[in-house]
Amino acid sequence: MPETTLESILEGRRSQPHQLIEVLQDVQECYGYIPEEAMKVVAEELGVPLMEVYRVASFYRAFSLTPRGKNMITICMGTACHVRGAKLLPNQVHGQLGVSAGNTTEDGLFTVENVNCLGACALGPLVVFNETYHHHTTPGKLRALIDSTREKEMEETTYEQAQ
Amino acid sequence: MSKLNNISDLNAIRKRLRSRRDSISTVITICGGTGCQASRSQDVIDAVRKELKKQKLGRKVLVRVTGCHGFCEQGPIMVLEPGNIFYCHLKPEDASDIVTKTLLKGEVIERLLYTDPVTSQKIQIETEIPFYRAQDRQLLAQNRQLDPCSIEDYLAIGGYSALAKTLAELTPEAIIEKIKASGLRGRGGGGYPTARKWTECRDTPGDEKYVICNADEGDPGAYMDRSVLEGNPHLILEGMMIGAWAVGAQQGYVYVRNEYPLAVKHVRIAVQQAREFGLLGEHILDSNFSFDVEIARGGGAFVCGESTALMVSLEGKVGEPRPKDVHTVKDGLWHKPTTLNNVETWANVPSIILNGASWFAARGTKDSKGTKIFALTGRIKNTGLVEVAMGTSLRNIVFDIGGGATDGVGIKAVQTGGPSGGCLPIDKFDLPVDFEALYEAGSMIGSGGIVVMDEKTCMVDVAKYFLTFLQDESCGKCVPCRLGIDRMLEIITDITEGRGRPEQIDLLKELAETVAHTSLCGLGKTAPNPVLSTLRYFPEEYEAHINEKRCPAGVCQALIKYEIDDEKCKGCGICLDACPHDAIKGEKKEIHTIDQDTCQKCGICIEECKLDAISVA
């Protein structure tokens, strides 16, 4: 783990237990998940029992305790998206990738997550694919998006192997 | 920028900024809110800027990237001044036409104009579009006038003059008196009178007090708080400053959802700017008022929208609510007196101070004053943010502003108030939208989500949707909420999957009442509302599921099947190729069939079929 990054996250926040969630947000952003090692350091530096750090990290949806895949698929499950057929989307992803929300494919290429609302309800169903918003998403569009990403990844792997 | 030491500094800079603003008459306003960004507005912005540079107009034309205008479905959107010309669904390649034709020659580009879905007519002027015309946009209209990352823009349109007036002329008591006279009530859901909250907090002894802006907008289907905070962050800060002065707080917090990255970014910039200008910090504008604001990002827990849970979350702990025997105005954040208000509530404060309580109270009904922003979404033509005076009828909102049903499918209900609210059938659409009227009808205003539902929406499925949401979001602290919602969901799942029994309805009602009466916090107490309201207004849908094992709307997957219409199918093979589960069989140019055992009802074939030959039975 790059010590300097965690170091910079903790700067100005040491011995301030109330900064726990903010610190974990930054750790999540930096590493893509909350590593156990980071929890230990955070507990020590903020003066919060490790058990409490774990409790907070496992309570809030924003934190993941396992590493995320290379590509993030976030499906909005808000009411407005739901009434426009968003519930077909997790089924679609499950059918195509074999994983349900909160999980990562075995090859580490995709992590699927559901989110309760992304606040762009007028454009639903909404899917965020690697930080890019896709509006009016249908199962077919999502399928094509995953297919093309997978193809690209495979090409890259073949290219790297050839090198 | 140098610090503003006093009110005359503020007035002087405002004068300078205003005259600079007035000197540029050609302004291209492009929405850069989350909705339009999802429609790639950044590419349009870049293309317009490039084109202006190419045509050497960079200094003569101002491109203002603003927050959300509210008409997200039409994004990316642009308004050109002079002329108030409204262009929508823009693409980067439109930039050169916009500059060469509209800006240089004054020609209006027909293809970029908005088409009214009701009359099919093209409309040129923004204010003449029915979606906007029928609204009363006191708060939202400001979004269009400013770049949210520019304190200069906010100052130029009169920003922070309510703060100046407060510090120069008004005692805390006078502020509270004004808020009381205005009749302002909390916009977050509860509708608690704002002045009462402020008075109680002010009257509680203590040197250390806090104000909090609740921007943890967790209701799925509501996004007005995101738009206001993202589009006009200084307005919220100014409201909080006035509130802090009134209650005697020195520190404020904005607790904002991390799922709103743009709002987080904008409010952080705003706080930084306000500090640089001396509008946050010690002895603001040479007064004895010192105040600062910190930003805290929420962890994505719905329960943290509840005030006590939000406060413990701010303390860096697990967001579980606590009993409210002692109110947070007396014993709140770090056990200190705390005033927590919602984004939209804070947003209303500066204009009440500037324009007066009676100006605010002139709109609305007897007990619900002012305007309210609603997120109008779902199965309707015009979706977006709608600001109307309290008391406007649902019919007005859904049909006059929303333009009515899509695809000719009849509208049958609206869901208001998110997971705490309920579903209201079309025969209740004449109800005035105010706190009391909706509550009495079995729903609530909540934070302002209005999700329109039509004949293709299954009301049992909607109840199941909310229970699934709430089961997932229940913090688990109290038994009635944790287990009660679980059991209710079990019953509803039985019903939607064809295992429902008539006697389960009574059990469902009994459970709902128990959960409502015995849960600890507001989330649990209101959790049964979606179930109770659908049972009350749509009993026939429950009966169809239970007695006939049929989903009238064709939504519940266990009770429907996909079928190919022999008359329409031409055997083109598109669906066969598209089906990811190989459930469709048939030879080329012969009628295809669906193998019901393999079909996953994913909907892809319906989407792909060009002949409308596949339907849900």
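**View 1. Chain A and its two domains.** Chain A is assigned domain 1 (3–59) and domain 2 (71–162), with domain bounds coming from an automatic or database domain assignment. The C-alpha centres of domain 1 of chain A and domain 2 of chain A are 29 Å apart. This is a predicted model, in which local features need pLDDT of at least 70 and side-chain atom pairs count only at pLDDT 80 or more, while totals for chains, interfaces and linings use all residues. Residues are numbered from 1 along each chain as its sequence is written, and chains are lettered from A and ligands numbered from 1 in the order in which they are written. Chain A has seven helices and five strands; helices (H or I, at least four residues) and strands (E, at least two) are DSSP runs, numbered from the N terminus. The order of elements in chain A from the N terminus is α-α-α-α-β-α-α-β-β-β-β-α. The C-alpha trace of chain A spans about 50 × 50 × 25 Å along its principal axes. Of its 163 residues, 42% count as buried (20 or more other C-beta atoms within 10 Å of the residue's own, with C-beta atoms placed from the backbone).

**View 2. Helix H6 of chain A.** In helix H6 (residues 88–97) of chain A, the buried residues are Leu88(A), Leu89(A), Pro90(A), Gln92(A), Val93(A) and Leu97(A). They pack against strand E1 (71–76), strand E3 (110–115), strand E4 (127–129) and helix H7 (139–162) of chain A. After H6(A) comes Gly98(A), with a positive phi near 75°.

**View 3. The contact between chains A and B.** Chain B contributes 50 residues to the contact and chain A 42 residues; two residues are in contact if their C-beta atoms, placed from the backbone, lie within 7 Å. Elements of chain B that give two or more residues to this side include strand E9 (292–297), helix H14 (307–314) and helix H19 (459–473). H2(B) gives the most, with four residues. The side of chain B that touches chain A has 19 nonpolar, 21 polar and 10 charged residues. Here Ala, Val, Leu, Ile, Met, Phe, Trp, Tyr, Cys and Pro count as nonpolar, Asp, Glu, Lys and Arg as charged, and the others, Gly among them, as polar.

**View 4. Gly221 of chain B.** Gly221(B) lies in the loop between strand E7 (210–215) and helix H11 (224–231) of chain B. Gly221(B) is buried, because 31 other C-beta atoms lie within 10 Å. Leaving out residues up to four places away in sequence, Gly221(B) touches residues of both chains, including Gly78(A), Cys117(A), Cys121(A), Ala375(B) and Val451(B).

**View 5. Helices H9 and H12 of chain B.** Helix H9 (residues 172–182) and helix H12 (residues 233–247) of chain B pack with their axes 7 Å apart, at an angle of about 120°. Axes are lines fitted to C-alpha atoms, for helices over the stretch in contact, and angles run from 0 to 180 degrees between N-to-C directions. H9(B) and H12(B) are therefore oblique to each other, a word for angles that are not under 35 degrees (roughly parallel), over 145 (roughly antiparallel) or 65 to 115 (roughly perpendicular). Pro172(B), Ile175(B) and Ile176(B) of H9(B) meet Ile242(B), Trp245(B) and Ala246(B) of H12(B). By class, this contact has six nonpolar, no polar and no charged residues.

Conventions
Buried ≥ 20, exposed ≤ 12 C-beta atoms within 10 Å, placed from the backbone.
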